[in-house]
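I opened this one to see how its chains sit against each other.

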Number of protein chains: 2
Amino acid sequence: MVNGNHTPEEQHPELAAYRRSIDNIDAALVYLLAERFKVTKNVGYYKREHDLPPGDSAREQRQIARLHQLARDADLDPGFTEKFLQFITREVIRRHEQIRDEI
Amino acid sequence: MVNGNHTPEEQHPELAAYRRSIDNIDAALVYLLAERFKVTKNVGYYKREHDLPPGDSAREQRQIARLHQLARDADLDPGFTEKFLQFITREVIRRHEQIRDEI
């Protein structure tokens, strides 16, 4: 069989091993995100029940500072961590607003 | 002390408990992302060494399909999972390009 019929994984077993690690980590990330959204959904219902606003900028500032420290400890780019948290926070606020606006 | 001097956590212990869970999960996410980038960095070096392109659309399509299935299993919004993977993938490709372009 010519090379063109092989996938990169077949031609590069080392690459295939890296990709299996990435796939394992991605599965863990998806399950952790599912757990995180379960908790933030409860926060959304709690906020609606107690008439609290969907976002809380003081809390978000504390989270960003804490994650920068964690990112330094984990040797992860703090700029990426902030972008990641903003990405998650936007999604959380969107869901809190949905919950607030449900009849 | 008047209510205005209390933080939301002090006034709402149930909210404080939810937030502690979110903080634990975020720490786990940051460490997992650090591990993921460690692996993708090795992929970047491997690709440079073997003259492979930074992105691999066939691989990305397989990852997205797999993550949709995982998201269904974890009861996570598949649309969000896809946005999340695109977010991570963009960052990974950016880093692969950086590695490729290093002298």
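My entries follow, interface before residue.

This is a predicted model, so I kept to its cut-offs: local features need pLDDT of at least 70, side-chain atom pairs count only at pLDDT 80 or more, and totals for chains, interfaces and linings use all residues. Residues are numbered from 1 along each chain as its sequence is written, with chains lettered from A and ligands numbered from 1 in the order in which they are written.

**Entry: the interface.** I looked up the contacts (C-beta atoms, placed from the backbone, within 7 Å) and found 41 residues of chain A touching 41 of chain B. On the chain A side, helix 2 gives the largest share, 24 residues. By class, I got 26 nonpolar, 6 polar and 9 charged residues on that side. Here Ala, Val, Leu, Ile, Met, Phe, Trp, Tyr, Cys and Pro count as nonpolar, Asp, Glu, Lys and Arg as charged, and the others, Gly among them, as polar.

**Entry: one helix pair.** Helices are DSSP runs (H or I, at least four residues), numbered from the N terminus. I checked helix 2 of chain A (residues 13-49) against helix 3 of chain B (residues 57-73): their axes are 10 Å apart, at about 35°. Axes are lines fitted to C-alpha atoms over the stretch in contact, and angles run from 0 to 180 degrees between N-to-C directions.

**Entry: B:His96.** I found B:His96 in helix 4 of chain B. Buried or exposed? B:His96 is buried because it has 23 C-beta neighbours inside 10 Å; the cut-off for buried is 20 or more others within 10 Å, C-beta atoms being placed from the backbone. B:His96 touches B:Gly44, B:Lys47 and B:Pro54, leaving out residues up to four places away in sequence.

Technical notes. Helix = DSSP H or I, 4+ residues; strand = E, 2+ residues; numbered from the N terminus. Contact = placed C-beta atoms within 7 Å. Buried ≥ 20, exposed ≤ 12 C-beta atoms within 10 Å, placed from the backbone.
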